[in-house]
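Good morning, and thank you for coming.

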Amino acid sequence: MDLNFTPEELAFRDEVRAFLKAGVPDDLRAKIKGGKRLAKDDYFRWHKALSEQGWLGSNWPKEYGGPGWTPVQKHIFEEECYAYGAPRILPFGVNMVAPVIMKFGSQAQKDYYLPRILSLTDWWCQGYSEPGSGSDLASLRTSAKRKGDHYIVNGQKTWTTLGQFADKIFCLVRTNPDAAKPQEGISFLLIDMDTPGVTVRPIILLEGEHEVNEVWFDNVKVPAENLVGEENKGWTYAKYLLTHERTGIANVGSSKAALLHLKAIARDQVKNGRPLIEDPLFRNRVAKVEIDLMAHEMTNLRVLAEVQSGGAPGLESSILKIRGTEIRQEITDLARRAIGPYAIPFQSEALDEGFNGEPVGPDYAAPIAQQYFNMRKLSIYGGSNEIQKNIIAKAGLGL
């Protein structure tokens, strides 16, 4: 494995930097750097710029309208985006359901859905988790019964991220309740959010944000042609999607940008008349998380090198998910500790654009509490870290 970028990859990095400078609106970058709340239009503007550049489907092959980048190019692109202060690409369409459609969908589904994702015609959300079926996803109970040329769907999904913005949802549903194993009776279904019987209800999180939702299905009529692949084979497609999701949750670029911000805070804050970054105990914790992040990045690059040579991530995706989320949580915890009492009050309104109220502490203090609370979820979603450790122990170590 060669960890050095080639001249071609370095030239590609320069191209990405030039695009970011021209393509990310100044006000949007200021929102990201300031930790402000993003609206749907903010995501749309960024996605539109990427779509016009031909880079929205950054992990797509050329045959489906993507740039055909190598895994290393995709890594460079993501890292540069975080470093510059671009919004994240919402993954549900381009990075989650699209790869499943490409690999398992019918030609008609590919022809219809993939161009609509790239053109921003459709915005997707994910319907996996249910009350009581999160980490044990195979116990899901949302049912889909075949009635002629349609399925009738009943049940509930929860923790549906940005479902209030979505036009469509990809769902795991139970089509065979009598299967010998629960995984064998699950199918992968594509559902329009405006279908009669679909209800979205907000879940307000600990920090007061409306990021996730409940989605209810009450006798929802879904065309049978919206079934991806074969009936009762959805668990295979779900695992394929989750492998991509867990690898993405590694978020090396995001953590590197957050670490730089943490160091800037620690240089600005003072303890006993000296910059906090010079305090031995705090400095040691920052050094430890930086070393962990460097090791994590090497693991990520190793996986990329294997993928680039024709391999596929297996247990490595679980390892990246665990370490990536732990590192990100530690960085937000250190940021919270760095600003001390300024993190105690949480001014939700200070995260809105145009806020002119009295700030509590320095400008960078406003989003710290929100980010700390929000990052608690990282070790749970995408398959909880405890479950990932069990996977590694069973499949990797034979325990």
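The largest cavity holds about 170 Å³ of space. Please keep in mind throughout that this is a predicted model. Sixteen residues, written 16 in my notes, line the largest cavity, and those closest to its centre are L90, G93, D122, W123 and W124. With a threshold of 30 Å³ or more, the count of cavities is one.

Of the elements, α5 gives the most, with three residues.

Let us stay with α5 and turn to its packing. Two packed helices are described by the angle between their axes and the distance between the axes. For α5 and helix α6, which spans residues 107-118, the angle is about 165° and the axes lie 10 Å apart. An angle over 145 degrees counts as roughly antiparallel, and α5 is therefore roughly antiparallel to α6. Their crossing is left-handed.

Which residues make the contact between α5 and α6? On the α5 side they are G93, V94, V97, A98, I101 and M102, and on the α6 side Q109, K110, Y113, L114 and I117. By class, this contact has eight nonpolar, two polar and one charged residues. Please note that G93 belongs to this contact and is also among the residues closest to the centre of the largest cavity.

A second pair of helices comes next. Helix α2 (residues 26-33) packs with helix α3 (residues 40-53) at an angle of about 120°, and their axes are 11 Å apart. These two helices are therefore oblique to each other. Here, too, α2 passes α3 in a left-handed crossing. From α2, the residues D27, L28 and K31 take part in the contact, and from α3, D42, R45 and W46. This contact comprises two nonpolar residues, no polar ones and four charged ones.

How much space lies in the second largest pocket? The volume is about 220 Å³. It is lined by 19 residues, of which K36, A350, P359, D363 and A366 are the closest to its centre. Sorted by class, the lining of the second largest pocket has 12 nonpolar, four polar and three charged residues.

Thank you for your attention.

Conventions
Residues are numbered from 1 along each chain as its sequence is written. This is a predicted model: local features need pLDDT of at least 70, side-chain atom pairs count only at pLDDT 80 or more; totals for chains, interfaces and linings use all residues. Side-chain values use heavy atoms; hydrogens and water are left out. On a 1 Å grid over the protein atoms alone, a cavity is a set of points where a 1.4 Å probe fits but cannot get out, and a pocket is an open set with protein on both sides within 12 Å along at least five of seven lines; lining residues have an atom within 4 Å of a point. Grid points are joined across faces, edges and corners, and a volume is the space filled by probe spheres set on the points. Helices (H or I, at least four residues) and strands (E, at least two) are DSSP runs, numbered from the N terminus. Axes are lines fitted to C-alpha atoms, for helices over the stretch in contact, and angles run from 0 to 180 degrees between N-to-C directions. Angles under 35 degrees count as roughly parallel, over 145 as roughly antiparallel, 65 to 115 as roughly perpendicular and the rest as oblique. A crossing is left-handed if the near helix is turned anticlockwise from the far one by less than a right angle, and right-handed if clockwise. Contact means heavy atoms within 4.5 Å. Ala, Val, Leu, Ile, Met, Phe, Trp, Tyr, Cys and Pro count as nonpolar, Asp, Glu, Lys and Arg as charged, and the others, Gly among them, as polar.
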